[in-house]
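Here are my notes for a first walk through this model, written as numbered points. Please keep the structure open beside them as you read.

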Amino acid sequence: MITLADYNTESSLIYGIGNVGRQDDGLGWAFIDWLEEQSICPKADIMRHYQLHLEDADLISYKKQVLFVDATKAPDVETFQLEKMKAKMDFSFSSHAISIPSIMATCRQCFDKVPNVQLLTIKGYEWELQEGLTSMAKQNLDIATEFFRQHSIFNKSGITYEKA
Amino acid sequence: MSRKLIIDPVSKIEGHGKVVVQMDDNNQVTDAKLHVVEFRGFEKFIQGHPYWEAPMLLQRICGICFVSHHLCGAKALDDMVGVGYSTNTPMLPTPEKIRRLGHYAQQLQSHVTAYFYCIVPDMLFGMDAAPQQRNVVGLVEADPELVKRVVALRKWGQEGIKSVLGKRMHGISSVPGGVNQNLSQAARDRLVNGDDGLISLDQVLEYAQDGIKIFKDFHEKNRAEVDAFAEVPALNMCLVNNKGNVDYYHGHMRIVDKDKNIVQELDYHDYLDYFSEATEDWSYMKFPFLKALGRESGSVRVGPLARVNVTKAYEDNCPLANAALEEFHDYTKGKANDMTLHTNWARAIEILHSAEQIKVLLNDPDLQKQQLVLTPADNAWTGEGIGVVEAPRGTLLHHYRASKEGNITFANLVVATTQNNTVMNRTVRSVADSYLGGKAQAEITEGLMNAIEVGIRAYDPCLSCATHAMGQMPLIITVLDANGKKIDEKIR
């Protein structure tokens with residue numbers, strides 16, 4: 001069992017990835033908005049960025065645990081998914097983006113440590129140049145946040161969840 | 001039977017490119033084209049939006065050179081509201097210096113990304129190394145200490161951008177006639193002195209010299225190959241100041257030939273009088289050229305190599321970059337340098353120049369002053385504006401028109417990658433000639449794919465910027481015979 005309360009420390013980072021100007025790509029930021037509105041994990045560092053960069057390896061090297069939140073188009077994800085991430089070099093790099101496993105592997109290689117990292121992905125459908133989530137993406141966001149509501153005790157032990 | 005070779009997609013560039021090489025019956029390369037198959041959109045999309053939104057929205061074309069798009073748009077809006085350079089009203093010192101600081105911080109960050117993340121792996125591991133190694137992840141495993149320095153350098157650049165524009169990406173600083181905030185003393189001190197997790201400005205200057213050292217080491221060991229690789233002709237263009245030296249933020253356009261004779265000099269507001277754009281049905285990216293010289297002779301190169309070819313020197317307060325520039329100029333005995341891979345040498349010099357200029361600006365007390373906006377005179381509204389800056393990849397132009405109500409009715413963006421379209425195609429042709437010319441079996445080898453990518457990558461093209469694309473794009477290389485039949489194709 002891992003709880004969001006575990007992220008309520010200064011050594012934690014919750015990092016929303018996405019672009020609110022591209023419809024459902026804004027899901028990662030929307031989840032961060034929800035955390036802030038609910039005053040969940042106020043002690044954690046909260047970040048919103050368009051995509052990961054290599055220097056994020058430096059950023060996470062200062063943290064004990066990191067939760068990345070991103071939108072996904074993956075067909076095997078119906079609504080949302082939580083997964084524990086492992087460090088691994090891959091070849092996804094471009095000057096515009098790099099994968100979470102590569103960031104973690106870079107962190108380990110350069111800084112001799114790597115935090116615990118989880119990834120929450122929420123299913124999205126449209127990525128056009130337009131603000132606002134689609135109704136289906138909004139539903140998935142609601143399902144994810146509701147899941148956390150049901151499995152948590154706010155302001156006490158935080159939000160508990162198991163792997164979806 | 002003649003053949004055609006296609007590489008699609010071209011990797012480690014931004015956007016989706018495809019290379020097609022046409023062979024004849026004698027196994028000679030008859031043509032080679034870099035196809036850009038993304039679609040345009042931003043110029044149309046911006047129409048109808050209020051004029052002041054243009055620099056904010058159009059910077060979203062790119063996640064790398066967004067500051068350049070933002071500043072270029074801001075300069076166009078200065079024109080539109082009737083202040084600044086177009087009216088011979090000098091921009092106030094603080095906003096101009098703030099804009100320049102943001103611009104140099106972005107140049108540092110962008111060049112560090114392109115050079116160390118994408119180009120240095122080619123140099124350290126060799127063009128024949130597997131793509132899995134010839135990548136920044138290979139660099140991480142081979143030289144983590146270098147990566148730590150590069151990460152620190154890029155991070156500093158991003159913090160510089162954030163300090164000026166409020167966010168590390170797509171922030172907002174410039175407004176018509178100026179900027180919306182100065183640089184606080186605290187932010188300035190943090191950038192100069194560093195803090196926990198942020199290197200100091202002195203370290204930036206030290207790390208910024210790594211790039212030149214890496215290129216020179218590589219060049220020393222591979223001089224013949226580097227110099228012979230895709231030496232292709234083109235005119236060289238950039239913005240220059242009144243001394244004829246490169247100015248990344250403002251100036252007039254200067255175009256020089258191989259002997260560095262000035263072929264054309266123009267006020268960028270007159271760009272359309274001097275330049276035309278050719279189109280081809282096989283690419284969404286246009287081919288600009290000087291009307292007076294025609295498409296073949298009048299195509300220009302822009303970006304780092306063009307700028308170091310055009311400029312005679314840097315500002316007196318950049319001793320390290322000036323020394324590096326002098327060595328670069330001496331190598332071709334004062335002639336313009338057409339060696340494609342020397343673009344990377346030029347880029348490394350520009351990293352150092354940016355760092356030195358940042359140091360100068362951060363020690364300028366004007367950055368903390370309060371006069372931020374030049375207010376236009378009554379009836380100063382012109383409804384039309386053109387801005388030009390030297391973006392990391394080269395000369396960038398934004399041209400807008402707006403209705404009386406202030407809504408954008410026309411937008412034209414001419415980006416560096418578009419300016420480089422012809423010279424990039426010449427580079428692809430040169431590489432294809434070297435690898436395929438006269439060979440009976442024109443198959444797509446790893447070596448050919450790598451070499452074509454290395455050639456294209458020297459320009460650090462952003463095909464998304466060049467076509468103002470709005471979608472996600474992934475290089476493809478194809479060989480066709482004289483009848484158009486595909487005989488080989490590889491995708492990366």
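1. Strand β5 (residues 80–84) of chain A pairs with β6(A) in the antiparallel sense, over 5 bridges. Within this pairing, Phe80(A) stands opposite Ile122(A) of β6(A). Two strands count as paired if DSSP finds at least two bridges between them. Helices (H or I, at least four residues) and strands (E, at least two) are DSSP runs, numbered from the N terminus.

2. Before going further, a word on the source. This is a predicted model, in which local features need pLDDT of at least 70 and side-chain atom pairs count only at pLDDT 80 or more, while totals for chains, interfaces and linings use all residues. Residues are numbered from 1 along each chain as its sequence is written, and chains are lettered from A and ligands numbered from 1 in the order in which they are written.

3. Back to β6(A), which has another partner to look at. Strand β4 (residues 65–72) of chain A runs parallel to β6 (residues 116–123) of chain A, and 8 bridges join them. Here Leu67(A) has Gln118(A) as its bridge partner.

4. Now step back to chain A as a whole. It has 4 helices and 8 strands, in the order β-β-α-β-α-β-β-α-β-α-β-β along the sequence. Of its 164 residues, 45% count as buried; that is, 20 or more other C-beta atoms lie within 10 Å of their own, whereas exposed residues have 12 or fewer and partly exposed ones fall in between, with C-beta atoms placed from the backbone. Among contacts in chain A with a separation of 6 or more, 72% join residues 24 or more positions apart. A contact requires C-beta atoms, placed from the backbone, within 7 Å.

5. Please take care with residues 153–164 of chain A, where pLDDT stays under 50 and the model has 27 contacts beyond four places in sequence. Where pLDDT is low, the predicted coordinates should not be read in detail.

6. Just after α1(A), Ser39(A) takes a positive phi of about 55 degrees.

7. Two loop residues of chain A deserve a glance for their backbone angles. Cys41(A), in the loop between α1 and β3 of chain A, is a residue other than glycine with a positive phi, near 55 degrees. Asp112(A), in the loop between α3 (100–111) and β6 of chain A, is also not a glycine and has a positive phi near 60 degrees. Which of them is buried, and which exposed? Cys41(A) is buried because 21 other C-beta atoms lie within 10 Å, whereas Asp112(A) counts as exposed, with 9 C-beta neighbours inside 10 Å.

8. The largest nonpolar core has 180 residues, and those with the most contacts inside it are Ile14(A), Phe31(A), Val21(B), Leu101(B), Ile349(B), Val428(B) and Ile452(B). Its largest share, 14 residues, comes from helix α4 (residues 93–125) of chain B. A nonpolar core is a set of buried Ala, Val, Leu, Ile, Met, Phe, Trp, Tyr and Cys residues joined through C-beta atoms within 7 Å.

9. The domain assignment of chain B, which comes from an automatic or database source, gives domain 1 (1–38 + 422–492) and domain 2 (92–231 + 340–373). Their contact takes 13 residues from domain 1 of chain B and 11 residues from domain 2 of chain B. On the domain 1 side, α17 (421–436) and α18 (446–457) of chain B each give two or more residues, and α18(B) provides the largest share, 6 residues.

10. Finally, find His342(B), in helix α15 (residues 342–362) of chain B. It is buried because 24 other C-beta atoms lie within 10 Å. Beyond its neighbours within four places in sequence, His342(B) is in contact with Leu305(B) and Asn337(B). His342(B) and Val226(B) are 116 residues apart in sequence, yet 7.7 Å apart in space, C-alpha to C-alpha.

How values were computed
pLDDT is the predictor's confidence in each residue, from 0 to 100. Two residues are in contact if their C-beta atoms, placed from the backbone, lie within 7 Å.
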